[in-house]
Amino acid sequence: MTMLSYSVFAPLCRTYYESKGGKFGSEFDNAAASYTYGKTPDDIAYCGPYVISNATANNTIVFSANPLYWNADNITIKTLTWLFNDGEDALKAYNDTMSGVLDGAGLTASAVEAAKSAGVFEELAYVVSTDATAFSAFLNVNRIATSNFNDQSCATPKTEEDIARSRVALYNQNFRLAVLLSLDRATYNAQTVGEELKYTSMINTYTPGTFVYLENDYTADINGTEVTFPAGTYYGAIVQAQLDADGVPIKVWDPEADGGIGSSAAFDGWYNPEAAVAYLETAVAELAEQGVEVSAENPIYLDLPYFSGSESYGNRANALKQSVESVLGGAVVINLVDCVSSDAWYYAGYYANYGYEGNYDIYDVSGWSPDYGDPQSYLDTMLPDYAGYMAKVIGVF
């Protein structure tokens with residue numbers, strides 16, 4: 001039933017849609033010159049409480065109350081204005097809020113300190129609970145591009161030999177686990193949200209652990225052993241049982257959290273320097289058999305594009321670099337690839353249509369919100385043959 005709240009089930013006037021060049025199924029072509037539906041405020045058939053009255057790229061989007069909405073008399077907010085912020089100034093949203101330009105804003109680490117210095121933090125700041133959105137870091141297991149597909153910017157500093165070595169290393173599962181478990185995500189997160197909130201927005205599973213629970217008892221086959229989970233068991237507890245059976249030292253579920261309800265959020269269950277080193281040692285031996293030496297004297301170089309125009313994003317990228325290189329003893333070196341604008345950063349991967357356009361080894365500019373209330377809404381993003389959005393981000397399809 002939750003699917004019915006998703007946008008694809010919203011009413012659509014077929015004749016109007018087709019008059020704007022719209023087609024269905026395999027005939028649909030978003031790039032066709034004749035297709036204009038939804039591309040300007042005047043090419044949309046509105047059925048909701050607002051219409052778009054102004055849209056200026058990289059500046060402003062204004063929503064005005066729709067006088068034809070069925071419940072128009074009860075829409076009390078008549079205008080909503082979204083203002084563009086590229087993140088270059090870590091204090092812009094905070095300063096705009098304090099001056100009355102914005103009604104509210106999320107606080108960066110710098111803004112938290114500014115609010116405390118101004119004496120308004122305790123009075124005005126509040127913490128919201130996490131939602132079901134999952135933002136991830138991605139390893140590109142099939143990198144082909146060495147610069148941005150649109151303008152060849154953000155080019156890799158690696159040599160051809162370095163490129164070939166990193167490609168082989170990223171094919172290795174133990175190498176990937178070593179990198180993932182070497183990242184101190186709390187310190188990384190603190191660069192954008194501040195030290196006090198660094199765990200608040202942290203989750204440990206792509207599908208949040210409390211997203212769904214069993215309505216009935218269920219017996220699962222976990223590595224050949226039948227395990228019965230009682231009704232009420234949360235998704236995260238089942239994922240943890242599988243990880244434990246696989247011997248993977250990652251904690252994705254804390255049964256004592258949230259007053260005993262359990263949670264996959266507000267702790268870092270991945271950062272494990274000891275395990276990261278062990279995985280690296282295994283990977284080094286496996287890669288040596290393939291003729292790839294990995295050591296502090298001959299490291300694997302991994303490119304991380306980052307938005308250098310933003311202080312907080314720059315700090316975050318440096319936190320990742322310092323954590324990975326320190327834990328892995330310099331056997332992995334993170335190249336911070338300078339993207340001078342937010343658009344260049346997005347074009348490194350987020351704006352790419354295909355996996356082969358991804359210009360990175362590590363990327364942290366994508367996330368997923370569920371479209372309906374089932375884990376399938378997340379897991380389908382890993383489907384093959386261009387069906388899964390996130391399969392693209394790891395360099396596949």
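**Cavities and salt bridges in the predicted model**

The model contains two cavities of 30 Å³ or more. A cavity here is a set of points, on a 1 Å grid over the protein atoms alone, where a 1.4 Å probe fits but cannot get out, and its lining residues have an atom within 4 Å of a point. Volumes are the space filled by probe spheres set on the points, with grid points joined across faces, edges and corners. The structure is a predicted model, in which local features need pLDDT of at least 70 and side-chain atom pairs count only at pLDDT 80 or more, while totals for chains, interfaces and linings use all residues. Residues are numbered from 1 along each chain as its sequence is written, and side-chain values use heavy atoms, with hydrogens and water left out.

The largest cavity holds about 80 Å³ of space. Its lining is formed by Asn140, Val141, Asn142, Arg143, Lys158, Ile163, Ser166, Arg167, Leu170 and Asp361. By class, this lining has three nonpolar, three polar and four charged residues (Ala, Val, Leu, Ile, Met, Phe, Trp, Tyr, Cys and Pro count as nonpolar, Asp, Glu, Lys and Arg as charged, and the others, Gly among them, as polar).

The second largest cavity has about 40 Å³ of space. Around this cavity lie Leu304, Pro305, Tyr306, Tyr313, Arg316, Ala317, Trp345 and Asp364. Strand β7 (300-307) and helix α10 each give two or more residues to the lining, with helices (H or I, at least four residues) and strands (E, at least two) taken as DSSP runs numbered from the N terminus. Six of the lining residues are nonpolar, none is polar and two are charged.

Turning to charge pairs, twelve salt bridges are found in the whole structure, each being a side-chain nitrogen of Lys or Arg within 4 Å of a carboxyl oxygen of Asp or Glu. Aspartate 364 pairs with arginine 316, with 3.4 Å between the closest N and O atoms. This bridge links strand β9 (residues 362-368), which holds aspartate 364, to helix α10 (residues 311-327), which holds arginine 316, across 48 residues. Aspartate 364 is buried at 13% relative accessibility, and arginine 316 is buried at 12% (buried means under 20% relative accessible area, exposed over 50% and partly exposed in between, with a 1.4 Å probe and protein chains only).

Methods. 1 Å grid on protein atoms, 1.4 Å probe; cavity = no way out; pocket = protein on both sides within 12 Å on 5 of 7 lines; lining within 4 Å.
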